[in-house]
Amino acid sequence: MSIVGIDKAALYSSHYAVELSTLASARGVDPDKYSVGLGLHTMAVSPPDEDIITLAANATAKLLEGESLTDIDTILFATESGIDQSKAAGIYIHRLFNLPKHCRTLELKQACYSATAGLQLGLSLLKDNPKRKILLIASDIARYGLNSSGEATQGAGAIAMLLTVNPRLVAIESGSGFVSEEAMDFWRPNYRDEALVDGKYSCELYLKLLRESFEEYSQVTGRVYADHQHFLYHIPFPRLAEKAHQKLMLCSLVSKLDSDSLSALLHPGFVYGRQIGNCYTASLYIGLLSLLEQHTQDLSGHRVGFYSYGSGACSEYFSGLIQPHYRKVLHASFHQALLAQRQILTYQEYEQFY
Ligand code: CAA
C-alpha cells in the first residue's frame, strides 16, 4: 500500500498584529488573563485589503517555489470565512498560479475541522492515482467582534500543503476516529460578519469530542497514548490545547505531567499559534509546522497524534509519522522572519482596521 501524506507546507499570516497586553489595557483586563489564562501573546490582524484568498495566495507562493505544477490536479480549499457562497476560493488560486487546466477545485466547510476533511479526501484521491499532487489550503480570518468575549482569540493566517505519495514531511497513517454531534457552540449565519459563540460550552464540547474521537481512534487502530511521541491539537488558544492534553492523559490513565514536562511536550507546537492567534481551519496544521520548526531535536520517525475539532460539531483523531530528512523541506527562516517583521498596531490602529 502506498505511503501518503504531507510532502511540504508553508504558512502565511498578516503583516500586522496587536499585542494582547495592548488589548488588555484597552479593555481594562489584567494582561495575565490573556497571556496566562489563554496562553496568547499577540494576534494577527488583517488590514482591510486582505482576505482568505490573499492570505492563501501568499502561503501558496512559498509552497510552490521551485515545484513542478503539471501534476497538481486538485485544489481543496478549507475555510469558514469564505468570500462567496457559491464560487470556490480555490478558483482564484488556480488562476493566480496558472495551474493545469485539468484540475478540480473544491471549497470545504465544517468550521475549523474542514482542512482535516480535505486532508482525508486528498489522501484517498492519491491512493487512486499516485502520480497526482494535491494542493490543500486552509485559510481563515477569525473575527468575533470588538469587546466580545472571543475578541482576544481572533487571528488570521493560511497554510498551504502539498499532498503526495512518499511525502517528505509527514506520512498520514490510515485509521482515525471521528464524531459528529449537532450543537450551537459556535456558528456564523449568512447575515453576520462575526461569529456567534457560546464560549464556555464550545470548550466543553471540544474536550468531550476529544475523548470520544480518541477512544474511537484507539479502537480502530489499536494505538494508545504511549504510542505517540507528540500531540497536536486544534488551537483556538493554547491553554485549551493544554487542558485537552491533560484530559487525554486522564482518559488514558497516564500519570499527570508536572508543568515543566507538559510545557516541554506541547510548547514547540504552540510557538506560532501564540503569535498569530486562532486561524480556525489552519490552526492545527500551523501547530504541526511550529512543532517541526521549533523543536530542537531530530523528530524523524516520531509519531504525532492530531486532534481536529470544528464547532457545530465534528472532530477527528488521527496520526502521522514524521519522515526522515523532513528538515530539508521546511521554511523555518521564512516563517520566523514573517512573524518577527510584522508591524505592531496601536489600539486605535487595530480598531480602524477592524
Ligand atoms: N491571571 C491568570 N489567569 C486568569 C486571569 C488572570 N488575571 N484572569 C482570568 N484568568 C483565566 C481564567 O481563570 C480562565 O482560565 P480557566 O478556564 O483555566 O479557569 C481563563 O483565564 C479565561 O478566563 P475566562 O474564562 O474568564 O475568560 P472569558 O470567559 O472572558 O473568555 C472564552 C474565555 C470563553 C474561551 C473566550 O475567549 C471565547 O469565547 N473564545 C472563543 C471561543 C473559543 O475559542 N472556543 C474554543 C472551543 S471552540 C473551537 O475550538 C472552534 C474555534 O476555533 C472557535
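Student: Why is Phe-186 called buried?
Tutor: Its relative accessible area is 8%. Buried means under 20%, exposed over 50%, and partly exposed in between (1.4 Å probe, protein chains only), so Phe-186 counts as buried. Tyr-144, at 11% relative accessibility, counts as buried too.

Student: What do the values rest on?
Tutor: This is a predicted model, in which local features need pLDDT of at least 70 and side-chain atom pairs pLDDT 80 or more, while totals for chains, interfaces and linings use all residues. Residues are numbered from 1 along each chain as its sequence is written, and side-chain values use heavy atoms, without hydrogens and water.

Student: How many aromatic pairs are there, and what makes Tyr-144 and Phe-186 one of a given kind?
Tutor: The structure holds 15 aromatic pairs. For Tyr-144 and Phe-186, the ring centres are 5.9 Å apart and the planes stand at 75°. Rings of Phe, Tyr and Trp (its six-membered ring) pair if their centres lie within 6.5 Å; planes under 30 degrees apart count as stacked, over 60 as edge-to-face and the rest as tilted. The pair is therefore edge-to-face.

Student: Which parts of the chain does that pair tie together?
Tutor: Tyr-144 lies in the loop between strand 6 (133–142) and strand 7 (155–165), and Phe-186 in strand 10 (residues 186–187), so the pair ties together parts 42 residues apart in sequence. Strands here are DSSP runs (E, at least two residues), as are helices (H or I, at least four), numbered from the N terminus.

Student: How do you know whether Phe-306 and Phe-318 are stacked or edge-to-face?
Tutor: Their ring centres are 4.7 Å apart and their planes at 5°, so the pair is stacked. Phe-306 belongs to strand 13 (residues 303–310) and Phe-318 to strand 14 (residues 314–322), 12 residues apart. Phe-306 is buried at 0% relative accessible area, and Phe-318 likewise at 0%.

Student: What makes Lys-62 a charge over the ring of Phe-334?
Tutor: Its charged end is 4.6 Å from the ring centre. The rule asks for NZ of Lys or CZ of Arg within 6 Å of the centre and within 35 degrees of the ring normal. The charged end of Arg-143 sits over the ring of Tyr-354 at 4.0 Å from its centre.

Student: Why is strand 6 called largely enclosed?
Tutor: Of its 10 residues, 10 are buried, so the rest of the structure largely encloses strand 6. Lys-133, Leu-135, Ile-137, Ser-139 and Ile-141 point one way, while Ile-134, Leu-136, Ala-138, Asp-140 and Ala-142 point the other.
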